[in-house]
Amino acid sequence: MTESMKIISRLVFFGYLSGFLLRALPAAEWPVFRGNSASQGVSDSKMPAEPKLRWEYSVPKGSFEATPVISNGKVFACDLDGEVYCFDLSTGDLAWKFETDSGFIASCAVREDRVIAGDFDGKVYALAVTNGEKLWEVETKGQIDSGANFYKSLVLVTSEDGFLYAFQIEDGSLAWKYETGDQLRCSATIVGNRTFLGGCDGKLHIVDLDRGESVLEKLPLDGPTGSTPTVQGSLVFVPTQSGNVLAFDWETGERKWMFSDSERSPEIRSSPAVFHQTLFVTTRNRRLLALDTANGKIRWESVLRKRSDSSPAIADGRVWIGASDGRIMAVDLASGEETWSFEVQGGFAGSPALADQHLVIASDAGVIYCFGP
């Protein structure tokens, strides 16, 4: 095969792979909690072999649990004191700050000229990307635990009141709402006109986004979950608080497999990432697990020094996570071997955001860290 034919073959393969993965995120963007609408936790960004601390921003007596998001060269982060921040990704300069009387554990979400943020009190704010001006505000009846997602002109928000809300992004008017019967703590994962919700009712809900109605019977899990499901091809993956991971064919509702190992995975509070037939998940027993998406078998495991509730993020051949002991780590996708780490005071409940050769993560000690070339 000539060199030009090899190049064409590679382009065809990677084009197919990209489509199969429902498009990894553009390299310069991480606009929602799990990176893209399918909640795969994957970025196309190249990453430095040894990322360096580019800047940090400290909030005195502050704390972050939410994952930052990145869009159009800006970083958006919400804290427990009720503030939404916007920074320049390259310099760390503060562009604006929006203040409320509540607090945020859910990530922001960004689409075009809107930043969407949901708080402890169930309020949802739409802010202007340029200056943080409040454009509209609506209320749900429960705490908002995870970031919004977007479908056509709709903002999708889950609430502990048990509803998925679909608000019009332009003015916040309610298009429809879907009731699950128990708390929702995950983000809405989207593929086509379907959304996937793992609920505290111990069910996986698949909802038609054009009608706001359930598509299949609610699929039974082994227990409640607050994790955001992830989708690859026809499979949807959901971890539970029982420590198990389940895979369903979302077109038929058939359960394909369940991973269960009480020693490695007594409880899971993070959300999984999926890439190239491998599912990555952190557990509360100091494990980062790589599972085969075809059968749920362990490809490898990495034993961490301390617990990690940080959801894995994938870029440039590595898995990136934070841990409760203040370590940020990168491990090789194929082997699980650690290739880079950085340690700070405090710990991480939130996850890394990866875009434009940068990693941004916020700690429970009130500091936002940005690493890059």
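In this predicted model, the sulfur of C370 lies 13 Å from the closest cysteine sulfur, that of C86, which is too far for a bond. C370 is also buried, with a relative accessible area of 0%. The structure as a whole holds zero disulfides. C86 is likewise in no disulfide, since the nearest cysteine sulfur, that of C108, sits 9.4 Å away, whereas a disulfide requires two cysteine sulfur atoms within 2.5 Å. With a relative accessibility of 1%, C86 counts as buried, the cut-off being under 20%.

Turning to the overall fold, the chain has one helix and 33 strands. Its radius of gyration is 19 Å, close to the 21 Å that the globule rule gives for 373 residues, so the chain is as compact as a globular protein of that length. Along the principal axes, the C-alpha atoms fill a box of roughly 55 × 50 × 45 Å. Of the 373 residues, 60% are buried. Among contacts with a separation of 6 or more, 47% join residues 24 or more positions apart.

Terms used. Residues numbered from 1 in each chain as written. Predicted model: local features only at pLDDT ≥ 70, side-chain atom pairs only at ≥ 80, totals over all residues. Heavy atoms only, no water. Buried < 20%, exposed > 50% of the residue type's maximum accessible area, 1.4 Å probe, protein only. Helix = DSSP H or I, 4+ residues; strand = E, 2+ residues; numbered from the N terminus. Rg over C-alpha atoms; globule rule 2.2 N^0.38 Å. Contact = heavy atoms within 4.5 Å.
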